[in-house]
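Me: I have a model open and want to learn to read its features. Can we walk through it together, one kind of feature at a time?

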Amino acid sequence: MTFRVWLGAVLAWSYNDLIGRIPSRTLRHLFLRFWLRELAAGAGVQLRCRFLNGRKVTLGPRTVINFGCLLDGRHYPIVTGSDVSIGPEASILTLGHDPQSGDFATKGGPVTIGDRAWIAYRAVILPGVTIGEGAVVAAGAVVTADVAPYTIVGGNPAREIGKRSEALSYRLTYQPWLT
């Protein structure tokens, strides 16, 4: 095991099992500013979120990651735009296995989430997916393909269920105490 791999494992364990459970936003964000590729101004990460290789995770301005989320940046990057809301216990994956592979080979890709997208409670975003600007992923949806801007998707696999207004001007400021 190389020193870099060892250090990454120690950092992941430190955050996921210790620091990420401490109800101090200041302490968690201090660690995340060091560990993530970028934690932009106003971005917030609540308690019990887990990161698999934070060095490949970029959280844009005022992005809110609610409690219990999993962001898997093991081999490919995760990038969010500004004012993105990721609901509780959502999972964003960048790596999995090819079910057709005889030797259980890995398969993955980067995940990009556009400005003002909303990922709801317990949604799952699979590797290689782009969520367009202003798109909404419904609670429990499993997203296997790109989502067009201002489209609402739901189900497993996620399919279009509606359109969202393009007149979005909000700026997220959700930073509750002790989360």
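Reply: Start with the elements. Helices (H or I, at least four residues) and strands (E, at least two) are DSSP runs, numbered from the N terminus. Here, valine 10 is found in helix H1, residues 3-18. Some ground rules: this is a predicted model, where local features need pLDDT of at least 70, side-chain atom pairs count only at pLDDT 80 or more, and totals for chains, interfaces and linings use all residues. Residues are numbered from 1 along each chain as its sequence is written, and side-chain values use heavy atoms, with hydrogens and water left out.

Me: Which residues make the nonpolar surface patch?

Reply: Patches take residues with over 30% relative accessible area and no salt bridge; like charges are joined within 9 Å, nonpolar side chains (Val, Leu, Ile, Met, Phe, Trp, Tyr) within 5 Å. Areas come from the Shrake-Rupley method with a 1.4 Å probe, and for residues only the protein chains shown count as cover. In this model, Met1, Phe3, Val5, Trp6, Leu7 and Val10 make a patch of about 650 Å².

Me: In what order do the five strands of the open sheet come?

Reply: Two strands pair if DSSP finds at least two bridges between them. The order is S1-S4-S7-S12-S15, with parallel pairing. Strand S1 (38-39) and strand S15 (130-131) are the edge strands, each pairing on one side only. Look at one end: strand S12 (residues 111-113) pairs with S15 in the parallel sense, over two bridges. There, isoleucine 113 has isoleucine 131 of S15 as its bridge partner.

Me: What about S18: which strands pair with it?

Reply: Strand S16 (residues 136-137) joins strand S18 (residues 151-154) through two bridges, running parallel. S18 also pairs with strand S19 (residues 159-163), this time antiparallel, over four bridges. Follow isoleucine 152 in S18. Valine 136 stands opposite isoleucine 152, and isoleucine 152 stands opposite glycine 162 in S19. S18 and S19 form a hairpin with four residues between them. In the turn, glycine 155 has a positive phi of about 100°.

Me: Now charges. How many salt bridges does a search of the whole structure find?

Reply: Side chains of opposite charge can pair when their charged atoms come close. The test is a side-chain nitrogen of Lys or Arg within 4 Å of a carboxyl oxygen of Asp or Glu. The search finds five. One of them joins arginine 116 and aspartate 83, at 3.9 Å from N to O. Arginine 116 lies in the loop between S12 and strand S13 (118-119), and aspartate 83 in the loop between strand S7 (78-80) and strand S8 (85-86), so the pair ties together parts 33 residues apart in sequence.

Me: Are these two partners buried or exposed?

Reply: Arginine 116 is buried, with a relative accessible area of 17%. Aspartate 83 is buried too, at 1%.

Key. Buried < 20%, exposed > 50% of the residue type's maximum accessible area, 1.4 Å probe, protein only.
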